[in-house]
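Please look over the two-chain model shown here. Which features of its fold can be read from the atoms alone?

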Amino acid sequence: MKSDFKRIIEKWIPQNTKVLDLGCGDGGLLKHLKDSKNVNGFGIEIDISKANECLRRNIPVMQCDIDEGIKEFNDLDFDITIMANSIQCLKNPNLALQNILNISNKCIVTLPNFAHWSCRLDLFFGKMPVTKNLPVPWYETKNIHLCTIKDFEELCNNLDLYVVEKLYLNNNFKESTLTKLFPNLFAAEGVYLIERN
Amino acid sequence: MIVETKKILIDSKLKCASGEALESFELMTDFYGELNEKKDNAVLVCHAFSGSHHAAGKRDGNIGWWDEFIGPDKTIDTDRFFVISVNNLGSCFGSSGPLSKDKNGERFNSNFPQLEVIDWVESQKMLADKLGIKKWHLVIGGSLGGMQSLQWAVSYPKMVRKVGILAAAAKTSSQNIALNEVEREVIRKDSDFHEGKYLEFNKSPVKGLKAARMLGHITYLSAKNMDLRFGRKLQNTNSKIAEDVDFEIENYLQYKGGKFAESFDANSYILLTKVMDKFDIAHGYDDSLEAALENITAEVLVVSFTSDWMFPTSNGKKICLASIKANKKCSYIELEGEHGHDSFLYPNEYYQIAIKNFIESK
């Protein structure tokens, strides 16, 4: 499942590029890209245990808050930035998106779709959604700015960002006829390759 | 663990950055573990301002300053790595310094050449040559020792595989220098100082040295840690160091300062604080940290502590960001550290795992 996701991201990332992974977790993705694409990767991760895992894998990591990190990275030069499943955890996702495109020309964003039918169903029954890719209850979640696929694409439009490519994935990280036809209802996850217009 | 302490004579001239020179010099050095056949498992551990070569193990009732980090199965595993710890030139624990004698047999006192961090690196490079070590697996240290590690990676990029910079900065701040100057002034104004020639008068400016250390000690701790440890607790009358002491913190500083003044040399104190003040890795590179780091080939780990107000975390971040900008492989770990600046000395699970993972990763 996760490996499908890696494959998608891998497709969009050229060989030998300098990649910044915001919220890189244990460095698994960067390690994979290093081995498969000889990528010069760098991660930002707030969780010390995960940052220590990056060190174990020999993936350079800066242990800090993404919100803060992005500001400080302003004049650094990366080819591409990845923000996998973390935009919804940021204080100002809109500012972050713009800042990211100062750091690198391209940016890959993945996000959980809050309008997925399973979320709608939970809400219909009066409960905050707890789903396969939003497994944490509302009182413990780090997701403070959840959005839908429609919302996110609207934001990109408002910020004058160009979506070069996008994929709508179901719960198994696969595209299907349904996710393609009705993404906002059937995609559990949106994956975007974005550039400045 | 095999432990050896040796005073090693380097019988060649050391040209110092100041223009002065030492015809020959001695380095008091500790060795832990064994150098392998390929001679590629050597680790250089650099001590902080008032530290010594004694980094691990118990000796004469004293435990080494990084004992929890160096040993079999410890953070730096001496079953794998050969650890070398050198007492810095200019210090007073056996290496050449103000207490040593010059070629005419006269004690240097305050006339020992004023050193810079880069001179320590040069002296240790000469030691490495003598030992046949062509490349350090790791050079690591905290505070002034971290600055020294950084200098190693910049001065001899091909000789350093990994570098660990702990609770340090790329340069000392104006505040650092200011505090150091107060400490020096207190020593100089001790009536027993005799312009640094106190030993000729069979004296030592222990009062000044004690007060200097008391101030220094405060800068190594955090306000929070002091509050937790001492708060506003009053000192028990029976165990008062001095009569006019009221609070426990006063007593603690009096005790620590006094003990320090018995074992440290005042001229060394002045010299070493000046070494610290002078440090600015970007000096000579148009003040560009990025340019200074340009030649580094080592993988870099920077660790800063949020409770450290001597070298606040922004210093560590700056080194890391400049490294990334210069396309270097650099990691930055930020921990609270309970002990202020001194946190780098204390064991902590995350801290030790970070260092261990960094050292052992391939």
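This is a predicted model: local features need pLDDT of at least 70, side-chain atom pairs count only at pLDDT 80 or more; totals for chains, interfaces and linings use all residues.

Visitor: How many helices and strands does chain A have?
Guide: Helices (H or I, at least four residues) and strands (E, at least two) are DSSP runs, numbered from the N terminus. Counted in this way, chain A contains nine helices and seven strands.

Visitor: What is the radius of gyration of chain A?
Guide: The radius is taken over C-alpha atoms, and the globule rule is 2.2 Å times the number of residues to the power 0.38. For 197 residues the rule gives 16 Å, and chain A is close to this value, so it is as compact as a globular protein of that length. The radius of gyration of chain A is 16 Å.

Visitor: What percentage of the residues in chain A is buried?
Guide: Buried means under 20% relative accessible area, exposed over 50%, and partly exposed in between (1.4 Å probe, protein chains only). Among the 197 residues of chain A, the buried share is 52%.

Visitor: Which residues of helix H7 in chain A are buried?
Guide: Helix H7 of chain A covers residues 149-158. Seen down the axis of H7(A), its buried residues fall within an arc of 65 degrees (taken from the directions from the helix axis to the C-beta atoms), so they line one face of the helix. On the other side of H7(A), A:Lys150, A:Asn157 and A:Asn158 are exposed. The buried residues are A:Ile149, A:Phe152 and A:Cys156.

Visitor: What covers the buried residues of H7(A)?
Guide: Contact means heavy atoms within 4.5 Å. The cover of the buried residues of H7(A) includes helix H5 (93-103), strand E5 (104-112), strand E6 (161-169), helix H9 (183-186) and strand E7 (189-196) of chain A.

Visitor: Which residues does A:Asn58 contact, leaving aside its neighbours within four places in sequence?
Guide: A:Asn58 is in the loop between helix H3 (48-56) and strand E3 (61-62) of chain A. A:Asn58 is buried, with a relative accessible area of 8%. Leaving aside neighbours within four places in sequence, the residues in contact with A:Asn58 are A:Lys34, B:Glu299, B:Lys329, B:Ser361 and B:Lys362.

Visitor: Is A:Asn16 buried or exposed?
Guide: A:Asn16 is placed in the loop between helix H1 (2-12) and strand E1 (18-22) of chain A. Phi of A:Asn16 is near 55 degrees, a positive value in a residue other than glycine. Most residues other than glycine have a negative phi. With a relative accessible area of 51%, A:Asn16 is exposed.

Visitor: What is the phi of B:Ser143?
Guide: B:Ser143 is found in the loop between strand E11 (136-142) and helix H2 (144-155) of chain B. B:Ser143 is buried, with a relative accessible area of 4%. Although B:Ser143 is not a glycine, its phi is positive, at about 60 degrees.

Visitor: What is the radius of gyration of chain B?
Guide: Chain B has 10 helices and 14 strands, and 56% of its 362 residues count as buried. With 362 residues, a compact globule would have a radius of gyration near 21 Å, and the value for chain B agrees. That value is 20 Å.

Visitor: Which residues does B:Asp277 touch, not counting residues up to four places away in sequence?
Guide: B:Asp277 lies in helix H7 (residues 266-278) of chain B. B:Asp277 is buried, with a relative accessible area of 14%. Not counting residues up to four places away in sequence, B:Asp277 touches B:Thr172, B:Asn176, B:Ile177, B:Asn180 and B:Arg184.

Visitor: What distance separates the C-alpha atoms of B:Asp30 and B:Ala56?
Guide: B:Asp30 lies in strand E4 (residues 25-32) of chain B and is buried, with a relative accessible area of 0%. B:Asp30 and B:Ala56 are 26 residues apart along the chain. Their C-alpha atoms are separated by 8.7 Å.

Methods:
Residues are numbered from 1 along each chain as its sequence is written. Chains are lettered from A and ligands numbered from 1 in the order in which they are written. Side-chain values use heavy atoms; hydrogens and water are left out.
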